[in-house]
Amino acid sequence: MRAVRDDERNWMASTLARDWGSTQVARRGELVDAMAHPAYLVEADGQPAGLAVVAVRGDEIEVLSIGVSVRRRGAGRALMQRCASHGRETGCRRLWLTTTNDNIGAIAFYQHIGLDLCALHRDAVDEARRLKPSISTHGEGGIPIKHELEFELLLSPPRAVM
């Protein structure tokens, strides 16, 4: 597990494009360039096995993108643990991410590692599609892609408002 190096940015861009259609992430009514944010790489057998991209905003850290090429070997868990550590190191109180309603495997994974489903953004993918038209209308098993589901992990107790 390590940060993506400058000489690996082309690999990062091609990985994001392969997994998500581009380096742009559309969620919550915003289009974000993942290449402008810190990223982590996990390796298995000396080869890249996963990538996570994070964005720190105030006291929250968002996982903009996470993807693995090998499943059930701990790569996703390791990446999420590193994202949470990054958040704690930068004083964040909350880690969060969104996924779409069709992403059944990710939904199960996030809950399995301790994230809580905290919000349903009904029909939010319509807005995301306006920003990024390449988003498919149907996902795994032909499920219509319509909603964004927000998951969170609280990293520290909420701070009192002063």
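How many salt bridges does a search of the whole structure find? The search finds 17 of them, a salt bridge being a side-chain nitrogen of Lys or Arg within 4 Å of a carboxyl oxygen of Asp or Glu. The structure is a predicted model, in which local features need pLDDT of at least 70 and side-chain atom pairs count only at pLDDT 80 or more, while totals for chains, interfaces and linings use all residues. Residues are numbered from 1 along each chain as its sequence is written, and side-chain values use heavy atoms, with hydrogens and water left out.

Side chains of opposite charge can pair when their charged atoms come close. Arg93 counts as partly exposed, at 24% relative accessibility, where buried means under 20% relative accessible area, exposed over 50%, and partly exposed in between (1.4 Å probe, protein chains only).

Glu60 also forms a salt bridge with Arg94, with 3.3 Å between the closest N and O atoms. Because Glu60 lies in strand β6 and Arg94 in strand β7, this pair ties together parts that are 34 residues apart in sequence. Arg94, which counts as buried at 8% relative accessibility, meets the side chain of Glu152 in a salt bridge as well (2.6 Å, N to O). Here Arg94 lies in strand β7 and Glu152 in strand β9 (residues 148-154), so the pair ties together parts that are 58 residues apart in sequence. Glu152 is buried, its relative accessible area being 18%. These residues belong to a network of salt bridges that links Arg28, Asp59, Glu60, Arg93, Arg94, Glu150 and Glu152.

Arg28, a member of that network, lies in the loop between β2 and β3 (30-33) and is partly exposed, at 41% relative accessibility. Although Arg28 is not a glycine, it has a positive phi of about 55°. Asp45, also not a glycine, has a positive phi of about 55°; Asp45 is placed in the loop between β4 (39-44) and β5 (47-57) and counts as exposed, at 68% relative accessibility.

In helix α4 (residues 124-131), Ala124, Val125, Ala128 and Arg129 are buried. Seen down the axis of α4, the buried residues fall within an arc of 140°, so they line one face of the helix; the arc is that of the directions from the helix axis to the C-beta atoms. Among the elements that cover these buried residues are β2 (24-27), β7, β8 (116-121) and β9, where contact means heavy atoms within 4.5 Å.

The largest share of the lining of the largest pocket, seven residues, is given by β6. By class, this lining has 19 nonpolar, 16 polar and 11 charged residues, with Ala, Val, Leu, Ile, Met, Phe, Trp, Tyr, Cys and Pro counted as nonpolar, Asp, Glu, Lys and Arg as charged, and the others, Gly among them, as polar.

Conventions: Helix = DSSP H or I, 4+ residues; strand = E, 2+ residues; numbered from the N terminus.
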